[in-house]
Amino acid sequence: MMDRDTWLEIFHTVLSNPLRTGLTGLSIALGIFILVVMQGLGAGLETGVKQTFGDDAANLMEVETGNAQLAFRGRKPNRRVELHNADEQAMRSQMDSVPAWSRLVYRWGSTVRYGNEQGSYGLRGVDPDQREIGQVNVTAGRFVSDRDIDQRRKVAVIGGQVLADLFPRGTTPEQAVGSLIQVRGIQFAVVGTFNQTGSRWENRSVYVPFSTAQKLFSNSDVVSRVAIGTGEASIDDTRETTTSLTGWLKDRLVVHPDDAEGVWVDNRNEQAEMYRQIFGGIRLFVWFVGMMTLLAGAMGVANIMAIVVRERTKEIGVRKALGATSGSIVAQISQEAVFLMLISGCIGLLAGTWLLQGIAPFVEHDFFSNPRVDFRSALLALGVLIFVGVISAIGPALRAVSIRPVEALRDE
Amino acid sequence: MIELKSIRKAYQTGSQSLTVLKGIDCTIEEGELVAIMGSSGSGKSTLLNVLGLLDDFDEGSYVLNGQNMDGLSEKAAARYRSDFLGFVFQSFNLISYKTALENVALPLYYQGVPRKERQARALSFLTKVGLADWAEHLPNQMSGGQKQRVAIARALIANPSVILADEPTGALDSVTSDEVMALLKEINSEGITIVVVTHENEIANQCDRIIRLKDGRIEGANA
């Protein structure tokens, strides 16, 4: 089918009017180029935002307290609201069932020392379920255990950056397990290490048992935050839980029902859903714009093919007289259109990929990272291109088929 | 070889119907060299198109090489054209961006003959019409007579039973015309039936028989 004659035909058509072919090709190349670049930028935005916010699992809720703004039941406005161990236990017992539950206390800027090296890191007192809730990727040793909680053990699970900063160069996670470190001046045993690929901040953290942290570093029975895994619960279920839990908490902690800042439940499911929708929208928009540009290009190709057919009416008539079937004429016209679109499309694809790779190192930002074209999108774009190529060739090809040799060969 | 019975053909132009062929009866025997003559509007081009399966007809019957040609599909017509018929046109109708050799080989391409064999056969037919040295030339590098000889080689290559020539000398001077006619006669002497449409008496007189058309009917014939 694609023998030398076929190629000769294609090259002749494509090269017989370089300017026209060039302009048509340019519109296709530009269409694909815009599609690829926009898609790449969209992906970069998504990756950046995910790296910044998306370090935890999406299926969780977080209970936090703050400053109540409104006076309520004799309490003054602008007062500090705290969640104590008793509140936390009451809250837990009134929940139906929870797939995962972790209390947290935070101490930012905690000094951690190993030998002569020291640095400032985030200290997190957590329950064992935090491993699941925070999707902690343990690289060596183990995570905080129930026994650690019960016995208030002084054990720590350190992040990859902490390991790299404090331990001698080349220390493997396995070698670090078992070492003794000083956390806020108190000796802890390293029982595990973790590494979060998707996040900048997580790796600068040290996890210790919640009970240990509360006793040693907070001198109170205050719980900074409670993270509740929601498992497979649907978004509507989590919304319902959020509402009822918020109501219960406000009642127990004596916070006005309209007070937004005394105590709140942060439903990450909702946030994740929002991000999903935003990025879904961006992706849709990118494809829509890209497709429209491609469509404009395809019309250009349809146009050039229509002109080609008109110019070659006589030739097509001769070919028919010499035994060409309608099928072979349609094949010829379609091949030319698809060839033209594929070549210019590939140029656009390469140019777009090249641009994205060229700019990638210079555009790192909290909300923007690693713009790229994934292979699937590129293949999809190529598939769309071929499809559009065939579609754009159908009109002119049918016109060519409808040419009757008699009319084509009639001398003026 | 060719048997036409009461062929009628009308063209629809808007609401009007123009009858071009009003009942053509004629028989052309195998190996004949026949001229079809007539003034413009007599229907001679239409008749040639019908003979060449380039156009259909409304009524009557057409038997070519013992096979009935009524109501052919386009695909079947294309196959019969490529199997039985060779065409020579007034304006040559060579493909401008193909060399003489490629032009001659084109009908074989549509018959699915492999490229090597196509080239070899095309070259032998170019040699036959005396243009072997011009195989790699493009049509616009050749004279009218040469182009028509290339076109004749192209018509011959598929080994047709009948060659239909539409004013083959219409665009040529008298000397070249004679050369082309001599070539056609030589081909005819090898047993191929040839039908020439012309309005020139000198050309028609070189044929075995003249069919004269007037207003869509055959006027008379002489031997």
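1. Basis. The model is predicted; local features need pLDDT of at least 70, side-chain atom pairs count only at pLDDT 80 or more, and totals for chains, interfaces and linings use all residues. Residues are numbered from 1 along each chain as its sequence is written, with chains lettered from A and ligands numbered from 1 in the order in which they are written.

2. Chain A overall. Chain A has 14 helices and 12 strands (DSSP runs, H or I of at least four residues for helices and E of at least two for strands, numbered from the N terminus).

3. Chain A against chain B. The contact involves 20 residues of chain A and 21 residues of chain B. On the chain A side, the elements giving two or more residues are α1 (4-16), α11 (313-321), α12 (326-359) and α14 (405-409). The most comes from α11(A), with five residues. By class this side has seven nonpolar, five polar and eight charged residues (nonpolar: Ala, Val, Leu, Ile, Met, Phe, Trp, Tyr, Cys and Pro; charged: Asp, Glu, Lys and Arg; polar: the others, Gly among them).

4. α2(B). In helix α2 (residues 74-84) of chain B, the residues B:Ala77, B:Ala78, B:Arg81, B:Ser82 and B:Phe84 are buried. Their cover includes α11 of chain A, along with β4 (59-64), β6 (85-88), α3 and β7 (162-166) of chain B.

5. α3(B) with α4(B). Helix α3 (residues 100-110) and helix α4 (residues 115-128) of chain B pack at about 120 degrees, their axes 8 Å apart; axes are lines fitted to C-alpha atoms, for helices over the stretch in contact, and angles run from 0 to 180 degrees between N-to-C directions. The pair is therefore oblique (under 35 degrees is roughly parallel, over 145 roughly antiparallel, 65 to 115 roughly perpendicular and the rest oblique). Residues making the contact include B:Leu101, B:Val104 and B:Leu108 of α3(B) and B:Ala122, B:Phe125 and B:Leu126 of α4(B). The contact has 10 nonpolar, one polar and two charged residues.

6. α4(B) with α5(B). α4(B) also packs on helix α5 (residues 144-157) of chain B, at an angle of about 130 degrees and with axes 9 Å apart, which makes α4(B) oblique to α5(B). From α4(B), B:Arg121, B:Ala122, B:Phe125, B:Leu126 and B:Lys128 meet B:Ala153, B:Leu156 and B:Ile157 of α5(B). By class there are six nonpolar, no polar and two charged residues.

7. β6(B) and β7(B). These strands pair in the parallel sense over four bridges (pairing requires DSSP to find at least two bridges between the strands). B:Phe87 is opposite B:Leu164 of β7(B). B:Leu85 and B:Phe87 point one way from β6(B), B:Gly86 and B:Val88 the other, and all are buried.

8. Antiparallel sheet of chain B. Four strands form an open sheet in the order β2-β1-β4-β5, with antiparallel pairing. Its edge strands are β2 (16-28) and β5 (67-68), each pairing on one side only. Strand β1 (residues 2-13) is joined to β4(B) by five bridges, and B:Glu3 has B:Val63 in β4(B) as its bridge partner.

Methods: Contact = placed C-beta atoms within 7 Å. Buried ≥ 20, exposed ≤ 12 C-beta atoms within 10 Å, placed from the backbone.
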